Amino acid sequence: MRSVLRFELQAVCPVTGARAGLLHTAHGVVETPVFMPVGTQAAVKGILPRILESDLDAKIILANTYHLYLRPGHETIRRLGGLHKFMAWPRAILTDSGGFQVFSLSRLRKISEEGVLFRSHLDGDQHLFTPESTIDVQIALGSDIMMVLDECLEYPASHEAARVSMERTLRWARTAYAHYRARCQNEGVVEACACFPIVQGSMFADLRRCCAAELVQLDADGYAIGGLSVGEPRALSLEMTEVTTPILPTDRPRYVMGVGMLEELPEYVARGVDMMDCVLPSRNARNGYLFTSAGPVIIKQTQYKDDPRPVDEACSCYTCREFSRAYLRHLFLAGEMTYSTLATLHNLRRYLDIMREIRQAILVGKFPEYLKSV
Ligand SMILES: [Zn+2]
């Protein structure tokens, strides 16, 4: 049994294997390859959902299960009509399983076959995440695409540690999927939530391949590649992606979690990746780092004090249409909230525009040329 999620391949680059497609979700169609803005706490920091929808035309955003489980609580969100209604976002939402945050944010975690016991980074209370419970939390949220619980290893890890961890992630994925399918069978309504298992295996090609091959047996709605961007050299993250994607079924979407320097987006797409997310565009915006078609602008620099030009003369976002670098610099130095809103709007637009360019290049058969030009 499969969920309502359906992936339609529209074009595949014959040289690189880059793909353009349509991801049909219960909350609209997502054009791929896609970059998903991150809304950790059911909000993309500084950006109103209606701006995300109208100005940015984002089709899917990401929210974090770990954060929403701890606060305000998934049952609260469920009682209030689910995450889409809670945050007034009518389009698709992908939620992670919380695994990554448990391993990066929480204290005193203890891993067992059953799951991971951890203390909240907010109040120190003890919680247990199991493969089953994280599915239940995401179903309560009403996520369109859920992730199974995985173990995220730090980098570097030994081959033996990575193997043990990958095998546990595999067992957890099977448990999570069995639980998900049982809930789908018993309560048809959860079929609106698709579910992706996550390929792990640290930086070892043999483990990544083995994990991917085993997960394919689940006949899942799509597949995620996790455990990257944890401090390894960038070439290694790309290599791990490259060894994994050929094993995954061509008719299902592939999502690489938490990667995405701007210049790397086409590189991942060239390796057959359809979906990506990263906090960089929004976090960097708040820190004064703006991405432009002519390279980065560090807005606090004195050189922008009297600069009447927009952040990026080639950008048509609201920020670039209406405001000067001098004004943005002033807002940044004054600590005005409006700065974060305008800067995030621009950086997200830059990411989404790049993905649209990439998609267009694939559709018209010019992706290899595009890849060479960046
Ligand atoms: Zn702009």
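I began at Val 256, which stands opposite Met 276 in strand 15. Strands here are DSSP runs of E, at least two residues long, and helices are runs of H or I, at least four, numbered from the N terminus.

The model is predicted: local features need pLDDT of at least 70, side-chain atom pairs count only at pLDDT 80 or more, and totals for chains, interfaces and linings use all residues. Residues are numbered from 1 along each chain as its sequence is written, and side-chain values use heavy atoms, without hydrogens and water.

**Sheet.** I found that strand 14 (residues 254-256) runs parallel to strand 15 (residues 275-277), joined by 2 bridges. Pairing takes at least two DSSP bridges between two strands. The open sheet has 5 strands in the order 4-15-14-13-12, with parallel pairing. Strand 4 (34-36) and strand 12 (198-199) are its edges, each pairing on one side only.

**Largest pocket.** Next I looked up open space. A pocket is an open set of points on a 1 Å grid over the protein atoms alone, where a 1.4 Å probe fits, with protein on both sides within 12 Å along at least five of seven lines; lining residues have an atom within 4 Å of a point. The largest pocket holds about 920 Å³. It has 45 lining residues, with Phe 100, Gln 101, Gly 258, Asp 277 and Val 279 closest to its centre. Helix 5 (99-104), helix 9 (234-244) and helix 11 (280-286) each give two or more residues to this lining.

**Second largest pocket.** I noted a volume of about 260 Å³. Its lining has 16 residues; Leu 262, Glu 263, Phe 291, Thr 292 and Arg 350 lie nearest the centre. Helix 11 and helix 14 (337-363) each give two or more residues to this lining.

How values were computed:
Grid points are joined across faces, edges and corners, and a volume is the space filled by probe spheres set on the points.
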